[in-house]
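Welcome! Please take a moment to look over the sequence and the structure before reading on.

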Amino acid sequence: MTSRELPDNLHRDTLAVRVAQERSQHGENSEALYLTSGFVQPDAETSARRFAGTEEGYTYGRTSNPTVTSFERRLAAMEGTEAAIGASTGMGAILMMCMGLLKAGDHVVCSRSMFGSTIALIGREFAKFGVETTFVSQTDVAEWKAALRPATKLLFAETPTNPLTEVCDIAALADLAHGAGALLAVDNCFCSPALQRPVEYGADLVIHSGTKYLDGQGRVMAGAICGPSKLIVDVFGPIVRTAGMTLSPFNAWVVLKGLETLGIRMQAQSANALAVAKWLETQPGITRVYYPGLASHPQHELAMRQQSGVGGAVLSFDLRGDDVAAARKNAFHVIDSTQVISIATNLGDTKTIITHPGTTSHGRLSEEQRQAAGISQGLIRVAVGLDHIDDIKTDLLRGLGGLDTLA
């Protein structure tokens, strides 16, 4: 069945429910889920052309799948890029990017405030293959500039960062990268295209963990890279086919449907997060709240420009403590006192989630790396969901209210 061609200049919310692979002969309104590892070919000659890439068509599940194609097309449309390619996880997408762009002798400049696994992958694992990485301040453009070398091929930032919600100036970093003949990649996990489109500020590639807000209900693992077709198709496509970090059709279908409610979820969860953040700033046991939507955030104005005037749904806060052990004890007490909020390491779920970054997302880093990233033992991250705001506050207060009684 031939689908009607969509008009240009549709809003992101419309793209989120309309862009997909062409309907089958059955005319389904909800995108089909194709659970098949292989595709029957009409004849050997057609099969040869499709495997050679000279003719479009599906051949094998590790190479492509119609459901995955629907997800890729929808996400690319929402991010405003020419194309996108799915991966099994967000870290799989970062691995794919690094394998496609880097070789021995190349240099990467990366924010030291990145997600812990990203720091470990680029700084430790790729170092084994001769790739050097310089980690710099997320917010100091001068540090990024000073770190550039003739061998620099990639600048990589995540904005806001996990878990301290530091915001980088995407346009400034894009100018630096392009002036040095390098690419700028931005991890857009926290904001999603519902709030922020990095390519509008000059980014070349956008990275996603579809496990987070794109799915939105903590059901599956998924990842993606969005960018120009020459990189997505010619550089990253062969890596997926060869290395096998393929996004499964079922997971692609789940995230595809999650994209349909992304806009309204992000607005509602961000509104809840702002209310929680403002309330946390009034609590006596807390020394600092990290949330871009607060006027007290160092990059508040920049965040509001880049993030459609919205702070996102993730916040963190530091608890007081006379020393490292006391701060950690206080953090564990607050987390363990919750009765409603989920104690988990994921984020982007409709259920509010609380975690201790120092022993989870950044637990595998050295203490020196944690300190450089600003991750204290008294730090707690909350990914605010759709729970009623009063219930979230009451649940956090179970632990916050008892801090004075702790030794």
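Predicted model: local features only at pLDDT ≥ 70, side-chain atom pairs only at ≥ 80, totals over all residues.

**Helix α4 and its two partners**

Two packed helices are described by the angle between their axes and the distance between the axes.

| Helix pair | Axes come within | Crossing angle |
|---|---|---|
| α4 (residues 90-101) and α9 (residues 229-243) | 10 Å | roughly 110 degrees |
| α4 and α5 (residues 116-125) | 11 Å | roughly 25 degrees |

Let us begin with α9. The axes of α4 and α9 cross at roughly 110 degrees. That angle makes α4 roughly perpendicular to α9, and their crossing is right-handed. On the α4 side, the contact is made by Met96, Met97, Met99, Gly100 and Leu101, while α9 brings Leu231, Val235, Phe236, Ile239, Val240 and Ala243. Of the residues in this contact, 10 are nonpolar, one is polar and none is charged.

Now for α5. The axes of α4 and α5 cross at roughly 25 degrees, and these two helices are therefore roughly parallel to each other. α4 passes α5 in a right-handed crossing. Here Met91, Ile94, Leu95 and Cys98 of α4 meet Ser117, Thr118, Leu121 and Ile122 of α5. This contact divides into six nonpolar residues, two polar ones and no charged ones.

Next, find strand β7 (residues 223-227). Five of its five residues are buried, so β7 is largely enclosed by the rest of the structure. In a regular strand the side chains alternate between the two faces of the sheet. In β7, Gly223, Ile225 and Gly227 point one way, Ala224 and Cys226 point the other way, and all are buried.

Strand β1 (residues 83-87) is joined to β7 by five bridges, and the two run antiparallel. Strand β6 (residues 205-209) also pairs with β7 in the antiparallel sense, over four bridges. A handy landmark is Ile225 of β7: Ile85 stands opposite Ile225, and Ile207 has Ile225 as its bridge partner.

**An open sheet of five strands**

Elsewhere, five strands form an open sheet with mixed pairing, in the order β8-β9-β12-β11-β10. β8 and β10 (342-343) stand at the edges with a single partner strand each, so one side of each has no neighbour in the sheet. β10 pairs with β11 (residues 353-355) in the parallel sense over two bridges, and Ile343 stands opposite Ile354 in β11. Helix α11 lies across β8 and β9 (314-319), running at about 15 degrees to β9.

**Helix α10, an enclosed helix**

Eight of the 11 residues of α10 (residues 249-259) are buried, so this helix is largely enclosed by the rest of the structure. Among the buried residues are Pro249, Asn251, Val254 and Leu259. The buried residues of α10 pack against α1 (12-18), α3 (66-79) and α11 (262-280).

Is His297 buried or exposed? With a relative accessible area of 6%, His297 falls under the 20% cut-off, so it counts as buried. His297 sits in the loop between β8 (286-290) and α12 (300-306). Leaving aside residues up to four places away in sequence, His297 touches Leu164, Thr165, Glu166, Val167, Tyr290, Tyr291 and Pro292. His297 and Val167 are 130 residues apart in sequence, and their C-alpha atoms are 9.6 Å apart in space.

Notes:
Residues numbered from 1 in each chain as written. Heavy atoms only, no water. Axes fitted to C-alpha atoms, helices over the stretch in contact; angles between N-to-C directions. Parallel < 35°, antiparallel > 145°, perpendicular 65-115°, else oblique. Left-handed = near helix turned anticlockwise from the far one by under 90°. Contact = heavy atoms within 4.5 Å. Nonpolar A, V, L, I, M, F, W, Y, C, P; charged D, E, K, R; others polar. Buried < 20%, exposed > 50% of the residue type's maximum accessible area, 1.4 Å probe, protein only. Pairing = 2+ DSSP bridges.
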